[in-house]
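Subject: Structure handover

Hello,

Here is the structure I promised you. Please open it next to this email and follow along.

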Amino acid sequence: DNDARALVLVGGSAPGYWGSGDSTWQTTARFKNFSWGPRADEHPLYPAKAMELMTECLSTRLLGRVRDQLSLTYNCEVDLTMFEGFEAGHFIC
């Protein structure tokens, strides 16, 4: 097989399982006036479930764009890792 192949990984920081994030994430969130809103106070798992839902939406849209609109056969997805014992997690596309 002499076909050219490509691999692209895009990654970044994400909040931990409980939504706090490390100092870099917290600084960026404050700069952008980000807040989880009142629902995070009502239920401690709200940040984690919101991030999981966002990951699924991004994966679906990304795959739809690459396969349906660009007619490419690549696999693409967004993976989110939220650590329970650490303040921060990460994502990889």
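Start in helix α3, where E52 and K49 both lie, three residues apart, about one turn of the helix. Keep in mind that this is a predicted model.

**The charged pair**

E52 forms a salt bridge with K49. The closest N and O atoms of the two are 3.1 Å apart.

How many salt bridges does the rule give? The count comes to one.

Are the two partners buried, exposed or partly exposed? E52 has a relative accessible area of 32%, so E52 is partly exposed. K49 has 43%, so K49 is partly exposed too.

M51 has its place in α3. M51 counts as buried, because its relative accessibility is 11% and buried means under 20%.

What does M51 touch? Leave out residues up to four places away in sequence. Then M51 touches A14, P15, W36, L80 and M82. Take L80 from that list. M51 and L80 are 29 residues apart along the chain, and their C-alpha atoms are separated by 8.1 Å.

Now find T55. T55 also sits in α3, which covers residues 46-69. T55 is buried, with a relative accessible area of 8%. Setting aside neighbours within four places in sequence, T55 is in contact with V78 and L80. L80 therefore turns up in the contacts of M51 and in those of T55, where contact means heavy atoms within 4.5 Å.

**The sheet**

Next, the strands. In what order do the three strands of the open sheet come? The order is β1-β3-β2, and the pairing is antiparallel. The edge strands are β1 and β2, the latter at 79-81. Each of these edge strands pairs on one side only. Neighbouring strands of this sheet are turned by 25° against each other on average, direction ignored.

Look at the two pairings in turn:

- β1 and β3 pair in the antiparallel sense over five bridges.
- β2 and β3 (residues 88-92) pair in the antiparallel sense over three bridges.

L80 has F91 in β3 as its bridge partner. H90 in β3 stands opposite S13. H90 also stands opposite T81.

How are β2 and β3 joined? A hairpin links β2 to β3 through six residues. E84 has its place in the loop between these strands. E84 counts as exposed, because its relative accessibility is 57% and exposed means over 50%. Not counting residues up to four places away in sequence, E84 touches Y17 and W18. For a sense of distance, compare E84 with A4. They are 80 residues apart in sequence and 40 Å apart in space, C-alpha to C-alpha.

**A loop residue with positive phi**

N33 has its place in the loop between α1 (23-31) and α2 (38-42). Phi of N33 is near 55°, a positive value in a residue other than glycine. Is N33 buried or exposed? N33 counts as exposed, at 70% relative accessibility. N33 and K49 are 16 residues apart along the chain, and their C-alpha atoms are separated by 21 Å.

**A nonpolar patch**

Last stop: the surface. Which residues form a nonpolar patch there? L7, L9 and I92 do. Together they have about 340 Å² of accessible area. L7 is found in the segment before β1 (11-15). L7 is exposed, with a relative accessible area of 73%.

**To try yourself**

Then step from L80 to F91 in β3. Finish at the hairpin that joins β2 to β3.

Best wishes

Note on methods:
Residues are numbered from 1 along each chain as its sequence is written. This is a predicted model: local features need pLDDT of at least 70, side-chain atom pairs count only at pLDDT 80 or more; totals for chains, interfaces and linings use all residues. Side-chain values use heavy atoms; hydrogens and water are left out. Helices (H or I, at least four residues) and strands (E, at least two) are DSSP runs, numbered from the N terminus. Buried means under 20% relative accessible area, exposed over 50%, partly exposed in between (1.4 Å probe, protein chains only). Patches are made of residues with over 30% relative accessible area and no salt bridge: like charges are joined within 9 Å, nonpolar side chains (Val, Leu, Ile, Met, Phe, Trp, Tyr) within 5 Å. Accessible areas come from the Shrake-Rupley method with a 1.4 Å probe; for residues, only the protein chains shown count as cover. A salt bridge is a side-chain nitrogen of Lys or Arg within 4 Å of a carboxyl oxygen of Asp or Glu. Two strands pair if DSSP finds at least two bridges between them. Axes are lines fitted to C-alpha atoms, for helices over the stretch in contact, and angles run from 0 to 180 degrees between N-to-C directions.
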